Amino acid sequence: MIRALRWAILLLVVSATAKADELSIPHKLPTAGDAPAVNTPVPAAPDKAASATPQTAPAAPAAPAASSPAVTPSAVSAAKAAPANGQTVTTPAAPAKPAVSKAPAKPTGIVLKTLADGTGSFYFPVGGNKKPVEVFTYQPAGTDASTPVIMAMTGVDRNASTYRNDWIKIADQYHFRIVVPRFTDQDFPGSYGYNLGNIQDPKTHHRLPKSQWTFTLVNDIFNAMRQQGITTQSQYYLFGNSAGCQFVHRMLTLLPQPEVKAAICSAAGWWTLPDTDQRWPYGLRASPIKVSQSQLAEYFAKPILIAVGTNDDDPENRLLRHSKGAMAQGVTRLDRAENFFTTSQQQAEQNYMPFNWHFVALPDIGHSDIKMSIYAAGQFSRFEQQHEFNP
């Protein structure tokens with residue numbers, strides 16, 4: 001009797017232990033199809049090609065059968081963390097989001113905003129940390145992509161919008177598209193920043209990147225207009241008076257093969273002579289850009305008209321440079337223009353280079369942007385018809 005009672009107690013203990021063990025085993029999440037495989041590797045981040053296709057997120061686990069006990073969030077967490085059959089279950093990471101590639105910013109296309117009266121403007125990007133250059137334009141009625149282009153360079157005031165407006169009646173008369181870049185004194189300070197092409201840092205005298213040279217930017221602006229179909233002209237006319245003339249003749253001296261059809265340069269306050277007898281910036285000795293003999297020959301062969309007013313002869317003009325190098329060129333703008341032309345002609349003859357320049361001293365004209373612009377437009381119109389200047 002006692003022995004039978006011991007066996008009954010033992011059976012009860014074993015049964016209770018088995019029930020406890022059964023309750024202590026965590027419930028597995030369903031593994032049919034949508035369940036992650038054991039030791040599944042973490043998906044690699046998609047490459048650029050794959051990033052174009054949206055990634056499909058893994059399907060949600062199927063709901064447990066009706067007969068299965070309810071699974072609480074805490075039980076799910078425990079099930080994910082607990083080992084199964086002695087193996088380590090690796091939970092896959094969430095699919096990686098497609099990487100967003102940060103391509104370098106490209107220069108924006110020209111958005112030419114033209115008003116009903118034909119005036120307009122657009123912005124052109126500049127290298128470095130400089131702001132985009134605002135470019136002012138005018139197109140007469142009937143302008144199309146074949147209309148000849150004049151790139152007009154401002155004087156010392158850098159007043160591009162006013163300068164553009166001064167060309168409106170002239171452009172209407174001769175039917176030219178006018179383009180005037182605005183190189184502000186803030187971004188292109190002083191004569192180094194504008195008249196001398198922004199080639200050098202004025203403090204260190206180190207050469208700046210070519211993308212920041214004002215000479216290069218003028219050519220790039222025209223090429224961008226051509227590439228975007230604004231103009232079908234392969235070349236442009238280049239004009240500058242006073243500080244604008246300083247810009248023009250140095251650009252043609254230093255920049256190899258610009259897309260310039262012909263140029264008019266009038267009334268510069270001082271010049272860079274095309275020889276190495278004088279030190280930069282009054283000559284080409286120690287110039288920041290070496291000018292080869294072939295480049296100099298192309299310069300002399302370019303159709304260029306040097307102009308000045310006979311009354312532009314005030315030696316005390318407040319804007320006239322009076323440094324030693326400038327005074328060696330003459331005491332007035334009239335003297336200096338004549339000296340520059342004569343020196344250039346002699347240099348071409350000494351090196352047996354073709355010389356396709358002209359010089360004119362216009363009677364009864366002083367230092368006047370408007371009068372020189374009117375004269376220049378007439379000469380460009382003549383060149384358009386006859387392929388040469390006739391001063």
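Trainee: Okay, so a helix axis is a line fitted to C-alpha atoms over the stretch in contact, and angles run from 0 to 180 degrees between N-to-C directions. At what angle do H7 and H8 pack?

Mentor: Keep in mind that this is a predicted model. The angle between H7 and H8 is about 85 degrees, and their axes are 10 Å apart. Anything from 65 to 115 degrees counts as roughly perpendicular, so that is how H7 and H8 sit relative to each other.

Trainee: Which residues meet there?

Mentor: From H7 you have Thr 214, Phe 215, Val 218 and Asn 219. On the H8 side they meet Phe 247, Arg 250, Met 251 and Leu 254.

Trainee: Why is H7 described as largely enclosed?

Mentor: Because 11 of its 14 residues are buried, the rest of the structure largely encloses H7. Among the buried ones are Leu 217, Ile 221, Phe 222 and Met 225. Thr 214, Phe 215, Val 218 and Asn 219, which meet H8, are on the buried list too.

Trainee: What span should H7 have, going by its residue count?

Mentor: H7 covers residues 214-227, and at 1.5 Å a residue it should span 20 Å. Its end C-alpha atoms are 20 Å apart, so the two agree. H7 is followed by Gly 229, with a positive phi near 80 degrees.

Trainee: Switching to cysteines: how many disulfides are there?

Mentor: One. Cys 245 and Cys 265 form it, with their sulfur atoms 2.0 Å apart. The pair links distant parts of the chain: Cys 245 is in helix H8 and Cys 265 in strand S7, 20 residues apart.

Trainee: Are those two cysteines buried or exposed? And what's the handedness of the disulfide?

Mentor: Both Cys 245 and Cys 265 are buried. The torsion about their S-S bond is about 100 degrees, so the disulfide is right-handed.

Trainee: Which non-glycine residues have a positive phi?

Mentor: His 175 is one, with phi near 60 degrees, and Asn 198 is another, with phi near 55 degrees. His 175 sits in the loop between H5 and S5, while Asn 198 is in the loop between H6 and H7.

Trainee: Is each of them buried, exposed or in between?

Mentor: His 175 has a relative accessible area of 30%, so it is partly exposed. Asn 198 comes in at 4%, so it counts as buried.

Trainee: What does Thr 143 touch?

Mentor: His 175 and Arg 177, leaving out residues up to four places away in sequence. The Thr 143 side chain also reaches the backbone oxygen of Pro 140, at 2.6 Å. Thr 143 itself is in the loop between S3 and S4.

Trainee: Last one: is Arg 164 buried or exposed?

Mentor: Arg 164, in helix H4, counts as buried at 7% relative accessibility. With residues up to four places away in sequence not counted, the residues Arg 164 touches include Thr 119, Phe 136, Tyr 138 and Val 180. Also, Arg 164 and Val 179 are 15 residues apart in sequence, yet their C-alpha atoms are 7.4 Å apart in space.

Definitions and conventions:
Residues are numbered from 1 along each chain as its sequence is written. This is a predicted model: local features need pLDDT of at least 70, side-chain atom pairs count only at pLDDT 80 or more; totals for chains, interfaces and linings use all residues. Side-chain values use heavy atoms; hydrogens and water are left out. A disulfide is a pair of cysteine sulfur atoms within 2.5 Å. Helices (H or I, at least four residues) and strands (E, at least two) are DSSP runs, numbered from the N terminus. Buried means under 20% relative accessible area, exposed over 50%, partly exposed in between (1.4 Å probe, protein chains only). The expected span of a helix is 1.5 Å times one less than its number of residues. A polar contact is a pair of N or O atoms within 3.5 Å; within protein, one must be able to donate a hydrogen and the other to accept it, and residues adjacent in sequence count only if both atoms are side-chain atoms. Contact means heavy atoms within 4.5 Å. Angles under 35 degrees count as roughly parallel, over 145 as roughly antiparallel, 65 to 115 as roughly perpendicular and the rest as oblique.
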